[in-house]
Amino acid sequence: MDVTTGFASAWNEITLVLFTTLAPSGVVAFILMAAPLVARADRMGDEARRTLEHWLWLPITVAMVGLVASATHLGNPANALYVLAGVGRSPLSNEVVCGVAFLGSAGMYWLTSFSASRGHVGLRRIALAAVSLAGALFVTTIAFAYHAQTIVSWHTAFVPLSLWLNALVGGPLLASIGLRMAGYQTARHRYGRALVSLAGAALAGNVVVYALWGARLPAFENAMTDAASLMPCFLPLTALFAALCACGVALAAREAWRDGSASPARLGAASLLALAGIFVMRFAFYMTHMTVGLGV
């Protein structure tokens, strides 16, 4: 067992690497874009509110691309029936059902934003808060779907914690793009700066979590190998993750603290850098796949 085996394991799960990179960040971006609509929709003009609702398509699309990528892991579409049969007892089934529920409700909310008779603002705020809660539940089910007892290298609190922190790095930067394109801003750009600060704090916390997890990799072992042997490149990959995400956060911070309007292109580049860093560590995560007993 060596790094070649670990790389092959991750490459075989590349669609899930993509899913766990995009979907959590997309969901958190949706929640953060929805927050102003839930908290202060009654103080926003109709046009500003409608425009911000229209731009919710961005995080919804990112999350949907991730979920569609994961669906290819089922092989035969008919296997989805077996997934649904396990709701309540299977973490994978719970993850899929929560994902479909979130995307379905988020999509319906977005579609109704184009309706001439959109209903009372208060009711829409309640509906959007419910969709956001469904999104938070979706990310949580993703996080704990990989906290499996049968995979010794993943059965640790670092795994769900790192996935949530990844989402809190990528989500705020993605939300910044949607908010900028919708023309939404608060006095002295406070909300935009708070989003960048959140991403920076989550990144710092995640580097610590990955460092602690990496230090324990040699202790995760079965009858054939240990997790550190499957991913001896852990430190370089962690450094690459930190560098890419830090560059993304720094670029977004530069735009957030500018006196003028932030550049959508630079915010887009910042988001892509962060997502690239998250992708690197999700790939590294799948390299450590190692089951109990005689197998990886």
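User: In the salt bridge that Arg 266 forms with Glu 255, how far apart are the closest N and O atoms?

Analyst: Arg 266 pairs with Glu 255 in a salt bridge, a term that requires a side-chain nitrogen of Lys or Arg within 4 Å of a carboxyl oxygen of Asp or Glu. The model is predicted, and local features need pLDDT of at least 70 while side-chain atom pairs count only at pLDDT 80 or more, although totals for chains, interfaces and linings use all residues. Residues are numbered from 1 along each chain as its sequence is written, and side-chain values use heavy atoms, with hydrogens and water left out. For Arg 266 and Glu 255, the separation of the closest N and O atoms is 3.8 Å.

User: Which helices does this pair link?

Analyst: The two residues are 11 residues apart, and the pair links distant parts of the chain. Helices here are DSSP runs (H or I, at least four residues), as strands are (E, at least two), numbered from the N terminus. Glu 255 belongs to helix H11 and Arg 266 to helix H12, residues 264–287, so the helices linked are H11 and H12.

User: Which residues are linked with Glu 255 in a network of salt bridges, and is Glu 255 itself buried or exposed?

Analyst: Glu 255 also meets the side chain of Arg 254 in a salt bridge, at 2.9 Å from N to O, and the network links Arg 254, Glu 255 and Arg 266. Buried means under 20% relative accessible area, exposed over 50% and partly exposed in between, for a 1.4 Å probe and protein chains only. Arg 254 at 48% counts as partly exposed, as does Arg 266 at 35%. The partners of Glu 255 in the network are thus Arg 254 and Arg 266, whereas Glu 255, with a relative accessible area of 1%, is buried.

User: What is the N to O distance between Arg 49 and Asp 46?

Analyst: Side chains of opposite charge can pair when their charged atoms come close. Arg 49 and Asp 46 both lie in helix H3 (residues 46–54), three residues apart, which is about one turn of the helix. Arg 49 is buried at 7% relative accessible area, while Asp 46 is exposed at 54%. Their side chains meet in a salt bridge with an N to O distance of 2.4 Å.

User: How many residues of H8 are buried?

Analyst: H8 has 24 residues, which should span 34 Å at 1.5 Å a residue, and its end C-alpha atoms are 35 Å apart, which agrees; the expected span is 1.5 Å times one less than the number of residues. Ser 162 lies in this helix and is buried at 3% relative accessibility. Leaving aside neighbours within four places in sequence, Ser 162 is in contact (heavy atoms within 4.5 Å) with Asn 206, Val 209 and Tyr 210. H8 is mostly covered, and of its 24 residues the number buried is 19.

User: Which helix gives the largest share of the lining of the second largest pocket?

Analyst: On a 1 Å grid over the protein atoms alone, a pocket is an open set of points where a 1.4 Å probe fits, with protein on both sides within 12 Å along at least five of seven lines, and lining residues have an atom within 4 Å of a point. The second largest pocket is lined by 20 residues, with Arg 180, Tyr 184, His 189, Gly 192 and Ala 262 nearest its centre. Helices H8 (158–181), H9 (190–216) and H11 (234–256) are the elements that give two or more residues to this lining. The largest share, four residues, comes from H9.

User: Which residue in contact with Leu 237 is 44 residues away from Leu 237 in sequence?

Analyst: Leu 237 has its place in helix H11. Apart from neighbours within four places in sequence, its contacts are Met 231, Val 280, Met 281, Ala 284 and Met 287. The residue 44 places away, with a C-alpha to C-alpha distance of 6.8 Å, is Met 281.

User: What percentage of the residues of the protein count as buried?

Analyst: The protein has 12 helices and zero strands. Among contacts between residues at least 6 apart in sequence, 81% join residues at least 24 apart. Of the 296 residues, the share that counts as buried is 47%.
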